[in-house]
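Hi everyone, thanks for making time this morning. I'd like to walk you through one model, and you can follow along on the screen.

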Amino acid sequence: MSGNVSRRKLLTTGLTAVAGVTGLGVAAKIADHYGLIPPDWGGIWGPGETLTYATQRLLMASGSLAREFNRSEVSKVVPVSGPQPKTDPYQRLLAGGFADWRLTVNGLVARPSTFSLDEIKRMPAKTQITHQACEEGWSFIAEWTGVPLSYVMNLVGVSEKAKFVVFYPFDESWDSLDLPDAYHAQTFLAYNLNGQDLPADHGAPLRVRVARQLGYKSVKYLQKITFVDSMKHVGDGRGSAAPASGYSWYAGI
Ligand SMILES: Nc1nc2c(c(=O)[nH]1)N[C@H]1C(S)=C(S)[C@@H](COP(=O)(O)O)O[C@H]1N2
Ligand SMILES: [Mo]
């Protein structure tokens, strides 16, 4: 076991113990010292949310993987949560087969870029069969194909100052991930579901898939990806549209 791993174990055990003995506030202070405060820490979740996130980050820092399944385990029904935006410009792009759609990638990157769907489909593809769980209680297993987010990150040259990646869709459900989850091997941008072009209701032309968090982190109808060093000045400052509806920014499973 490397020194790093045992240090993490120690930290995690320490955080949990401190929380038990002296209350969550002190644990939150320790988490802050290690840069492990989630953007929505001040919300209804408060120090408890911080502890969950910090503990997860320390345990998961080695990049542990979500379970992957076989084709025979793929669900017959794929439910929809948050159907396609009915408004322009989304409907216009959909009618044109997304020929005019572009993904903008900007913020703390060396080479701000836009990509067409064809350009994204020419990038090295990754296929994965994983479980997607909605916070409302239902879930399904599906096969997704797309490009690893880390590949796009290396293309545009993400700055060392970047701490979060923000996903802007055509609707209101924007969200963000920290950099460990952004670089994670199972985080990718999917354009294909169960062997077909991504259906409109499932996020066409491109959506996020992040297998280690609840469904709402897998942002559909992507339009723009921005790298930032803080979430303070993005939206309401809580890292995601989710906290305003009572859900936490970090939704690790
Ligand atoms: N842009 C956008 N992304 C979204 C949503 C949404 O309403 N808009 N819903 C989220 C929720 S709550 C879940 S559970 C999953 C559902 O994905 P699915 O509709 O493909 O099953 O997408 C997530 N991504
Ligand atoms: Mo969901």
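I'll go through a strand, the core, one threonine and the ligand, in that order. Please keep in mind that this is a predicted model.

Let's begin with strand β10, which covers residues 222-228. Of its 7 residues, 5 are buried, so the strand is mostly covered, with buried meaning under 20% relative accessible area. Who are its partners? Strand β1, residues 103-107, runs parallel to β10, and 4 bridges join the two. Strand β5, residues 164-169, pairs with β10 in the antiparallel sense, over 6 bridges.

Now look at I225 in β10, please. V105 stands opposite I225, and F167 stands opposite I225 as well. Leaving aside residues up to four places away in sequence, I225 touches L103, T104, V105, N106, L149, V165, V166, F167 and L189.

That brings us to the core. Which residues have the most contacts inside the largest nonpolar core? They are L189 and I225, and this core has 43 residues. Strand β7 gives the most to it, with 5 residues. Another core lies apart from it; this one has 9 residues, among them V166, W174, M231 and V234.

Is T187 buried or exposed? Its relative accessibility is 2%, so T187 counts as buried. What does T187 touch? Not counting residues up to four places away in sequence, its contacts are P148, L149, L177, D181, A182, R209 and V210. A polar atom of the T187 side chain lies 2.6 Å from the backbone oxygen of D181. R209 is 22 residues from T187 along the chain, and their C-alpha atoms are separated by 5.7 Å.

How many residues surround ligand 1? There are 20, and the closest are P79, D171, H202, R207 and K220. Here are some polar distances for your notes. An N or O atom in the side chain of K220 is 2.5 Å from an oxygen atom of ligand 1. For P79, a backbone N or O atom lies 2.7 Å from a ligand 1 oxygen. Q132 has a polar side-chain atom 2.9 Å from an oxygen atom of ligand 1. Taken alone, ligand 1 exposes 530 Å², and the protein buries 94% of that.

That's my tour, and I'm happy to go back to any part of it.

Methods. Residues are numbered from 1 along each chain as its sequence is written. Chains are lettered from A and ligands numbered from 1 in the order in which they are written. This is a predicted model: local features need pLDDT of at least 70, side-chain atom pairs count only at pLDDT 80 or more; totals for chains, interfaces and linings use all residues. Side-chain values use heavy atoms; hydrogens and water are left out. Buried means under 20% relative accessible area, exposed over 50%, partly exposed in between (1.4 Å probe, protein chains only). Contact means heavy atoms within 4.5 Å. A polar contact is a pair of N or O atoms within 3.5 Å; within protein, one must be able to donate a hydrogen and the other to accept it, and residues adjacent in sequence count only if both atoms are side-chain atoms. Two strands pair if DSSP finds at least two bridges between them. A nonpolar core is a set of buried Ala, Val, Leu, Ile, Met, Phe, Trp, Tyr and Cys residues joined through side-chain atoms within 4.5 Å. A residue is near a molecule or strand if one of its heavy atoms lies within 4 Å of it. Accessible areas come from the Shrake-Rupley method with a 1.4 Å probe; for residues, only the protein chains shown count as cover.
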